[in-house]
Amino acid sequence: MQQTDRTPGRWSLPVAAAVNGVGTGMYIPFTLVFFHYVTGLSFTVVGTVLTVTGLAGLAALPAAGAAVDRYGAKPVQYVLYGVRVAGFALYPLAHSLAAFAAVALVTAAADRAFPAVQQSLIGEVARGADRDRLQAATRALQNGGNGAGALLASLVIAFAGPTGYTWAAWGNALSFAVAALLLRPLKPLRASAAPARRRAGYRLVLADRPFLVVTGANFLNALSYSALSVLFPLFLLEWLHAPAALTGSAFTVNTVLCALAGVYVGSRVRRAGARRTRAAALGGTLFSAAFAAQIVLGTVRPASGAILGVALGAVVVVYTLGELIHSPAAEVLAVSAAPEEARGRYMAAYQISWSLAKAVAPSLFTVLFAADGRLPWAVLIATSTVAAALLVRVEHRLPADAVRPVPVTVARGDAPAPAGHSVAA
C-alpha cells in the first residue's frame, strides 16, 4: 500500500526555524549598537571585528558540508545551535578585544554554516513537492520569528536601557537552545535509492557544471535580496529625500508579507505546476520590475509625500512577491539537484553564493550610487535578468525531479534513513 512520503516530526523544523528567527531578530536590526553595549568596546572596534570574523567564518562552510555528508544534517545542526548558545551566553562577558574576537569568530562560523546545514536537513526529511511546502513554511515562520524577535528586543531595551542588550544576548542563547530541543522528534527519511559510495569530496561539486550555473544565478539574485536592507534606505534618504519613517515601513511591509503570505504564495505556485527553474526566474523578473519602478521614481521624484509613500509601498509589495516566489523554488531546486551522498557539500557551495553577495553588495551599491542614484537599480535589473535566463537555459541539464516537483510515495513501514553517510572528506 502506498502513502504520501512523510517523516515523523518534520513540522518541528518550521517551528524551530521560527524560534531561531526570534533569536536572530533580537540582534540583527541593530548589530553594531547591540555588540557595543554588550561588550563595552567602541563602535569602530566592534565593526572591524564583525567584518573580519564574518569573512573568516566562511571557512567553516566546507567543513560543515563534509560533516553533513558524513554524519547527517541533524547532528551538525545540533552542534551549530550549541555553538550559538555558548557564543551569545559569553558575549556579555567578552569585554576584552581578544575575548570578543574569539567568541565572534566561533559564532560567525556557526552562523555562516547554519543555512547550508538547514537546507540539507530539509533535503533529508522531505522529498518531491513536500520539500517545497516545508521550505515555504520554514521561511515564513522564520520571517515571523525575525519580526517578533526585533519587537521583543526593542521592548526589553526600551524598559531596561543599555542593560537590556545583555538580557537580549542571553535571550538569544535561550532561543537557540529551545530551537535545538524542538528538532528532537525530527528523523530523516530512508534514502530513495542506495547511493553510490563515491569518495566525492568537493571535486564532485566543481565538476557539476549545471549546479554551478544554478549557484552562479543565485549569486546574481542574492544581490537583489541585499537591496532592501542596503540600497533601499540609501536611495530613499539621499536620492528621494523621503522621510526616514518610510524605511521602517518598508521593512515592516516586507516582513509581514513574508510571514503571512509565504505559504499561500508557495502553494499557488505549486498548484500551477510551475517548474522550479521557471518559478525562480519569475521571482527574478518581479525583482527587475520593482527595480525598474525605482528608476522611474528616482527620475520623477514625486513632490507629494503621499504619492511617494503609496508608490514605494507598491514597489515593496512587488519586490516581496518576487522574494516569495523565488526563494522556495531556488532553494529547493538546489537541494534537489544535489546527489544525496554529497548534499552537504553541495549546499555548502551553494551557500557561498549568498555569503559573497552579502559581502559584495554594500561596496558595489555605494560605488554605483555615487555616480547616479538610479545606476544600482539598473545593474540589479541586469543581474536579475541574466539570472532568470541562466535558470531557464540550464533546466534541461538538471535532474528532472529537481526541476519539476512530483508527489513521492513510499511503502508503509519504511524506516528512517541512517543518520550518516560514508563519504570521504
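This is a predicted model: local features need pLDDT of at least 70, side-chain atom pairs count only at pLDDT 80 or more; totals for chains, interfaces and linings use all residues.
Buried residues are those with under 20% relative accessible area.

Helix H8 covers residues 163-182. Its 20 residues should span 28 Å at 1.5 Å a residue, and the end C-alpha atoms are 29 Å apart, which agrees. Which residues of H8 are buried? The list is made up of Gly-164, Tyr-165, Thr-166, Ala-168, Ala-169, Asn-172, Ala-173, Ser-175, Phe-176, Ala-179 and Ala-180.

Leu-61, Ala-64, Gly-65, Ala-66, Val-68 and Asp-69 are the buried residues of H4. What covers them includes helix H5 (73-90), helix H6 (97-125) and helix H14 (343-371). Just after H4 comes Gly-72, which takes a positive phi of about 100°.

Side chains of opposite charge can pair when their charged atoms come close. How many salt bridges does the structure hold? There are eight. In one of them, the side chains of Asp-111 and Arg-84 meet at 2.8 Å, N to O. Asp-111 lies in helix H6 and Arg-84 in helix H5, so this pair ties together parts that are 27 residues apart in sequence. Are these two partners buried or exposed? Asp-111 counts as buried because its relative accessibility is 17%, and Arg-84 is buried too, with a relative accessible area of 4%.

An α-helix has 3.6 residues a turn, so residues three or four places apart point the same way. Asp-130 is buried, with a relative accessible area of 4%, whereas Arg-133, at 33% relative accessibility, counts as partly exposed.

Another salt bridge joins the side chains of Glu-395 and Arg-275, again with an N to O distance of 2.6 Å. Where do these partners lie? Glu-395 is in the loop between helix H15 (375-394) and helix H16 (400-403), and Arg-275 is in the loop between helix H11 (245-271) and H12. The pair thus links distant parts of the chain, 120 residues apart. Glu-395 is buried at a relative accessible area of 9%, while Arg-275 counts as partly exposed at 30% relative accessibility. Salt bridges that share partners join Arg-275, Arg-278 and Glu-395 into one network.

The last topic is the space left inside the model. Rolling a probe the size of a water molecule over the atoms shows where empty space is left. Helix H10 (209-239), helix H12 (276-300) and helix H13 (305-337) each supply at least two residues of its lining. Among the lining residues are Leu-228, Phe-232, Phe-291, Gln-294, Tyr-319 and Trp-377.

Key: Residues are numbered from 1 along each chain as its sequence is written. Side-chain values use heavy atoms; hydrogens and water are left out. Buried means under 20% relative accessible area, exposed over 50%, partly exposed in between (1.4 Å probe, protein chains only). Helices (H or I, at least four residues) and strands (E, at least two) are DSSP runs, numbered from the N terminus. Contact means heavy atoms within 4.5 Å. On a 1 Å grid over the protein atoms alone, a cavity is a set of points where a 1.4 Å probe fits but cannot get out, and a pocket is an open set with protein on both sides within 12 Å along at least five of seven lines; lining residues have an atom within 4 Å of a point. A salt bridge is a side-chain nitrogen of Lys or Arg within 4 Å of a carboxyl oxygen of Asp or Glu. The expected span of a helix is 1.5 Å times one less than its number of residues.
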